[in-house]
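Work through the following exercises with the sequence and the model at hand. Try each task before you read its solution.

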Amino acid sequence: MKRLLVTLAALGLIAGCSAGKDAVVQGSSFTFVSPGGQVDITYDVAQRQTAPVLSGDDLMNEGKQLSLADFPGKVVVLNLWGQWCGPCRTEAPEMESLAKQAPGAQVVGIDVRDPARDVAQDFVRDRKLTYPSIYDPDGRVLLKLSGYPRNIIPSTIVLDKQHRVAAVFLRQVLAQDLLPVTQRLAAEQA
């Protein structure tokens with residue numbers, strides 16, 4: 001009897017994971033998978049998946065929403081940061097440098113796990129950052145990035161002009177790391 005119950009439970013698990021008529025089709029929306037633990041990942045055009053439309057409160061303009069949809073047809077560099085993060089303090093001026101050097105790209109920050117908005121705003125003002133950031137203290141915006149490791153801060157996602165994921169950097173980056181990527185993507189035909 002015990003063996004029969006174990007067998008039935010195993011069959012139920014197998015059937016539950018199979019792709020029958022009720023299976024949800026993933027489509028072409030982005031689901032992150034780190035191949036072999038790589039920290040720099042690039043996707044060929046044929047492999048690129050559309051990023052979800054991320055939006056949330058504008059960090060510097062309370063009551064205003066900021067969305068990736070605000071930048072149609074532009075390469076977008078999404079940088080995940082927090083003022084509490086030591087490497088982010090070094091990386092922020094690099095992002096500002098990239099924002100000034102890459103006219104075909106838009107840098108957008110996502111400020112994560114900063115419960116005090118005013119402290120994050122001071123971080124932006126003190127470093128004279130001009131690119132916008134989404135304020136995401138509880139990580140709800142990041143939940144839309146299926147499978148993305150929310151605990152790796154800083155990290156950067158580069159979207160092509162169709163807002164498909166073209167590159168992911170699961171580490172601190174320099175402007176010189178991102179500039180060739182953004183230039184190549186800006187030059188791509190739509």
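The model is predicted, so local features need pLDDT of at least 70 and side-chain atom pairs count only at pLDDT 80 or more, while totals for chains, interfaces and linings use all residues. Residues are numbered from 1 along each chain as its sequence is written, and side-chain values use heavy atoms, with hydrogens and water left out.

**Exercise 1. The whole chain**

Task: State how many helices and strands the protein chain has, and in what order the elements run.

Solution: Begin with the assignment, in which helices (H or I, at least four residues) and strands (E, at least two) are DSSP runs numbered from the N terminus. The protein chain has four helices and eight strands, and read from the N terminus the order is α-β-β-β-β-α-β-α-β-β-β-α. Next consider burial, where buried means under 20% relative accessible area, exposed means over 50%, and partly exposed lies in between (1.4 Å probe, protein chains only). Of the 190 residues of the protein chain, 43% count as buried. Finally consider contacts, meaning heavy atoms within 4.5 Å: among those in the protein chain with a separation of 6 or more, 69% come from residues 24 or more positions apart.

**Exercise 2. Strand S4 and its partners**

Task: Determine how many residues of S4 are buried, and whether S4 runs parallel or antiparallel to S5 and to S7.

Solution: First take burial: seven of the seven residues of S4 are buried, so the strand is largely enclosed by the rest of the structure. Val 75, Val 77, Asn 79 and Trp 81 point one way from S4, while Val 76, Leu 78 and Leu 80 point the other way. Then take pairing, for which DSSP must find at least two bridges between two strands. S4 and S5 run parallel and are joined by seven bridges, with Asp 111 in S5 as the bridge partner of Trp 81. S4 and S7 run antiparallel and are joined by five bridges, and here Leu 78 stands opposite Ile 157 of S7.

**Exercise 3. Helix H4**

Task: Compare the span of H4 with its expected value, and find which elements its buried residues pack against.

Solution: The expected span is 1.5 Å times one less than the number of residues. H4 (residues 175-187) has 13 residues and reaches 18 Å from its first C-alpha to its last, close to the 18 Å expected. Its buried residues are Ala 175, Leu 178, Leu 179, Val 181, Thr 182 and Leu 185, and these pack against S4, helix H2 (86-101), strand S5 (105-112), S7 and strand S8 (165-169).

**Exercise 4. Two side-chain pairs**

Task: Identify which residues form the aromatic pair and which form the disulfide.

Solution: Rings of Phe, Tyr and Trp (its six-membered ring) pair if their centres lie within 6.5 Å, and planes under 30 degrees apart count as stacked, over 60 as edge-to-face and the rest as tilted. By this rule there is one aromatic pair: Trp 81 and Phe 123 are stacked, at 5.0 Å centre to centre with 20° between the planes. Trp 81 lies in strand S4 (residues 75-81) and Phe 123 in helix H3 (residues 117-126), so the pair ties together parts that are 42 residues apart in sequence. Both Trp 81 and Phe 123 are buried.

For the disulfide, look for a pair of cysteine sulfur atoms within 2.5 Å. A search of the whole structure finds one, formed by Cys 85 and Cys 88 with their sulfur atoms 2.5 Å apart. The torsion about the S-S bond is about 80°, so this disulfide is right-handed, and Cys 85 and Cys 88 are both buried.

**Exercise 5. Loops and backbone details**

Task: Find where Arg 113 and His 163 lie, and which peptide bond is cis.

Solution: Arg 113 is in the loop between S5 and H3, and its phi is near 55°, a positive value in a residue other than glycine. His 163, in the loop between S7 and S8, also has a positive phi, of about 60°. Arg 113 is partly exposed at 40% relative accessible area, whereas His 163 counts as buried at 13%. The cis peptide bond joins Ile 153 and Pro 154, with omega about 0°, and Pro 154 is in the loop between S6 and S7.
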